[in-house]
Amino acid sequence: MENAAPLDNLVRLFFIILGLSYVLFIWLEALFPLVKGSAAGSGLHAARNFSLWTIAFAITDLLQPTGAMFSVQGPGGSVGLLTRLSLPPIALSIIGILIIDLLSYTYHLAAHKVNWLWRIHAVHHSEQSLDATTSLRFHPIDFLLGSLWKMVGATILGIPLWVIALYQILIIPLSIFQHANIHVPAWVERIFGWLLITPAIHKHHHSIVRREHDSNYGVGLVIWDRLFATLQQPEHPTPKQTGVKGLETEASQTIFGMLLTPLRYKPLKETAITNSDSV
Ligand SMILES: [Zn+2]
């Protein structure tokens, strides 16, 4: 990639895929709901998640972590370890996607293990009825830190921005699918579960039971959870209860409430329920 034009095309493609994916999965939610009569899918619920994403996206766009990376790397991605190998684009894409997915896994793991990060990431988990729009529900700081982590890692390792854009194009429909309130046939889960984080594997991660939500940190590929022994195979397509203990109230579900959650939410050891039957 010698100039910025192909990158612009990939960014445009990202937004097209984003829009089409929401239309497709919201339609499938109406046709094949996993949990019938769920609070998910309501206009208010979707509006709140979309508003939070808009704020997160605007702040991240304003602070420009990608712009900073672009100015360091240059349009062709000429800085970083991988650039010294002069790999063909296909090899660079595969290696780059694997590395970005690993960076996403490590950030997500840290978001559960580091207390102050968990207070921010808990906004995503405070969703009590998962649906396609849950994939938009991230506190702006969570969104920004996750982006920064990937950008710094990618810059040091020499993964060009166009590979990150490609990764995002591939990951966005999967992320929406993972959260969507859709009945997924068991055979789909079984086959794709060897390679990808499937809806059941990710929904298990949204369980209110801490022993269950401290698992399955993968974002795209399931190999990292297998490799680092953090994979828990779900017994059901969705947990008995999703959400975060202490963040069930309406005050924690409004846009303002979600923005203030990192300041208000005090995770205590006692809130970590270790017995799945005690939810
Ligand atoms: Zn999580």
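Student: Which residues does L117 touch, not counting those up to four places away in sequence?
Tutor: The model is a predicted one. L117 is part of helix α5. Once residues up to four places away in sequence are set aside, the ones L117 touches are A110 and A111.

Student: Is L117 buried, exposed or partly exposed?
Tutor: L117 has 19 C-beta neighbours inside 10 Å.

Student: How far apart in space are L117 and L145, C-alpha to C-alpha?
Tutor: L145 is among the buried residues of α6, and L117 lies in α5. In sequence L117 and L145 are 28 residues apart. In space, their C-alpha to C-alpha distance is 9.5 Å.

Student: Which residues make the contact between α4 and α5, and how are the two axes arranged?
Tutor: The axes of α4 (residues 89–113) and α5 (residues 115–125) come within 6 Å and cross at roughly 105 degrees. The contact is made by A110, A111 and H112 of α4 with L117, W118 and H121 of α5. An angle from 65 to 115 degrees counts as roughly perpendicular, and α4 and α5 are therefore roughly perpendicular to each other.

Student: How many residues of the contact of α4 with α5 are charged?
Tutor: The residues of this contact divide into nonpolar, polar and charged. Four are nonpolar and two are polar.

Student: Is H139 buried or exposed, and which residues is it in contact with, leaving aside neighbours within four places in sequence?
Tutor: H139 sits in the loop between α5 and α6. H139 counts as buried because it has 23 C-beta neighbours inside 10 Å. Its C-alpha is 6.9 Å from that of H121, which is 18 residues away along the chain. Neighbours within four places in sequence aside, H139 is in contact with I120, V123, M258, T261 and P262.

Student: What distance separates the end C-alpha atoms of α2, and what should its 21 residues span?
Tutor: Helix α2 covers residues 43–63. At 1.5 Å a residue, its 21 residues should span 30 Å. The computed separation of the end C-alpha atoms agrees with this, being 30 Å.

Student: Which helices do the buried residues of α2 pack against?
Tutor: The buried residues of α2 are H45, R48, N49, L52 and A56. Seen down the helix axis, they fall within an arc of 90 degrees, so they line one face of α2. The face turned away from this side carries the exposed residues G43, L44, A47, A58, D61 and L62. The buried residues pack against α6 (140–157) and α12 (255–264).

Student: How far does α6 reach from its first C-alpha to its last, and what phi does G158 take just after it?
Tutor: α6 has 18 residues, for which 26 Å is expected at 1.5 Å a residue. Its reach from first to last C-alpha, 26 Å, is close to that. Just after α6, G158 takes a positive phi of about 80 degrees.

Student: What is the phi of N216, and is N216 buried or exposed?
Tutor: N216 lies in the loop between α10 (210–213) and α11. Its phi is near 50 degrees, a positive value in a residue other than glycine. Because 24 other C-beta atoms lie within 10 Å, N216 is buried.

Student: What is the phi of A229, and is A229 buried or exposed?
Tutor: A229 is in the loop between α11 and α12. Its phi is positive, about 55 degrees, although A229 is not a glycine. Because 7 other C-beta atoms lie within 10 Å, A229 is exposed.

Student: How far is K240 from S207 in space, C-alpha to C-alpha?
Tutor: K240 lies in the loop between α11 (223–227) and α12. With 12 C-beta neighbours inside 10 Å, K240 counts as exposed. K240 and S207 are 33 residues apart in sequence, and their C-alpha to C-alpha distance is 7.4 Å.

Student: What percentage of the residues of the protein chain count as buried?
Tutor: The protein chain has twelve helices and zero strands. Among contacts between residues at least 6 apart in sequence, 77% join residues at least 24 apart. Of the 279 residues, the share that count as buried is 38%.

Definitions and conventions:
Residues numbered from 1 in each chain as written. Predicted model: local features only at pLDDT ≥ 70, side-chain atom pairs only at ≥ 80, totals over all residues. Helix = DSSP H or I, 4+ residues; strand = E, 2+ residues; numbered from the N terminus. Expected span 1.5 Å × (residues − 1). Buried ≥ 20, exposed ≤ 12 C-beta atoms within 10 Å, placed from the backbone. Arc of directions from axis to C-beta. Contact = placed C-beta atoms within 7 Å. Axes fitted to C-alpha atoms, helices over the stretch in contact; angles between N-to-C directions. Parallel < 35°, antiparallel > 145°, perpendicular 65-115°, else oblique. Nonpolar A, V, L, I, M, F, W, Y, C, P; charged D, E, K, R; others polar.
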